[in-house]
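This briefing goes through a few local features of one protein model, grouped by topic. Please keep the sequence and the structure at hand while reading.

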Amino acid sequence: RQSPEGVSYQVIPNRTETPFTTVDAYTDPETAVQKLAEEERARHFELDRSPLLRFVLARTGAERHRLLVTAHHILLDGWSMPILFGELFILYRDGTDSAGLPAVRPYRDYLRWLDEADRPAARLAWQQALEGVEEPTLIAPAHQQAVPEVPCRLHAGLTGDASRALHQQARELGVTVNTVVQAAWGVLLSTMTGRSGVVFGSVVSGRPAELPGVESMVGLFINTVPVRVRLDPAETVGELIRRFQEEQAGLLPHHHLGLTEIQQLSGTGRLFDTLTVYENYPRTAINGDLAEDDLQTRMIAGIDASHYPLTLAVMPG
């Protein structure tokens with residue numbers, strides 16, 4: 001909000017009521033729950049009206065339920081979800097008594113850290129990393145003029161042997177699996193665009209290791225940063241991956257800088273229209289300390305989307 005004097009401020013209520021709806025879905029429960037989920041996803045949030053979170057509990061049997069949780073992404077990220085559900089199950093076990101919830105570091109500490117981050121050093125690092133990029137890497141240039149729509153999803157999985165081979169290859173090269181995936185994505189984009197150098201986006205956790213307790217905080221920490229892959233015909237694939245890892249490691253301390261500012265520094269404006277997401281955040285035991293006769297979870301699934309025309313989301317395990 002903004003005052004008449006032009007000063008921006010934020011109002012945080014001490015208490016708010018979270019919408020919680022209960023519905024019966026005994027007849028054809030899978031179809032009914034799917035319909036509910038689609039309806040919930042289609043209901044927009046108003047950013048100036050709290051809360052940006054709501055729940056629907058669908059009864060699908062005498063002792064079976066499906067809980068639909070819908071939230072605006074500005075509230076929390078994927079890393080936050082296991083933490084949130086862990087706290088929900090503790091409250092369920094303790095009859096909404098919050099005394100059993102673990103103490104966590106307040107989100108304001110992260111905002112303070114972000115405000116004190118070395119922005120000039122980050123700007124210089126990104127300028128150097130993107131030096132020589134003269135135009136964006138686009139596979140769907142006309143997409144900006146397209147009518148927004150919910151993206152289609154294509155699910156594919158590696159075999160156990162292929163997955164083990166991928167992890168073994170990463171270990172032998174001394175890199176992360178994410179590095180191998182991103183290098184492969186760069187090679188693919190190079191083939192699709194006919195360029196020896198490409199740029200794509202990557203979603204990073206945005207949780208600084210130097211902020212103790214950040215791993216247990218609920219909030220929106222993620223950032224999207226550009227990833228540049230330059231191919232050299234004289235290099236082997238292993239040499240490409242090792243060099244690429246070294247280049248990316250140098251940018252880790254500067255992942256806090258916003259994408260809009262990074263793209264302005266590049267001088268090209270928009271840099272890419274493809275995105276990679278490697279979901280390697282910790283997955284805590286979703287049942288917490290509940291006894292088996294209290295509550296058992298059988299399935300967890302989530303849906304989100306980006307505005308880019310093509311996104312590669314990799315989920316290990």
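Glu135 sits in the loop between helix H4 (119–129) and helix H5 (160–173); helices here are DSSP runs of H or I with at least four residues, strands are runs of E with at least two, and both are numbered from the N terminus. The model is predicted, so local features need pLDDT of at least 70 and side-chain atom pairs count only at pLDDT 80 or more, while totals for chains, interfaces and linings use all residues. Residues are numbered from 1 along each chain as its sequence is written, and side-chain values use heavy atoms, with hydrogens and water left out.

- Beyond its neighbours within four places in sequence, Glu135 is in contact with Arg195 and Thr268 (contact means heavy atoms within 4.5 Å).
- Gly267 lies 132 residues from Glu135 along the chain, yet their C-alpha atoms are separated by 9.0 Å.
- His256 belongs to the loop between H7 and helix H8 (259–266).
- The relative accessibility of His256 is 15%, so this residue counts as buried.
- Not counting residues up to four places away in sequence, His256 touches Trp113, Leu114, Ala117, Asp118, Arg119, Ala122 and Asn223.

**The sheet**

- Four strands form an open sheet in the order S5-S4-S6-S7, with mixed pairing (two strands pair if DSSP finds at least two bridges between them).
- Strands S5 (223–230) and S7 (310–314) are at the edges with a single partner strand each, so one side of each has no neighbour in the sheet.
- On average, neighbouring strands of this sheet are turned by 30° against each other, direction ignored.
- S4 (residues 197–204) and S6 (residues 274–278) run parallel and are joined by two bridges.
- Gly201 has Leu275 in S6 as its bridge partner.

**Helix H6 and its packing**

- Helix H6 (residues 177–193) lies across S4, S5, S6 and S7 and runs at about 140° to S4 (axes are lines fitted to C-alpha atoms, for helices over the stretch in contact, and angles run from 0 to 180 degrees between N-to-C directions).
- The axes of H6 and helix H7 (residues 237–249) come within 10 Å and cross at roughly 110°.
- H6 is therefore roughly perpendicular to H7 (65 to 115 degrees).
- Thr179, Val180, Gln182, Ala183 and Val187 in H6 meet Leu240, Ile241, Phe244 and Gln245 in H7.

Conventions
Angles under 35 degrees count as roughly parallel, over 145 as roughly antiparallel, 65 to 115 as roughly perpendicular and the rest as oblique. Buried means under 20% relative accessible area, exposed over 50%, partly exposed in between (1.4 Å probe, protein chains only).
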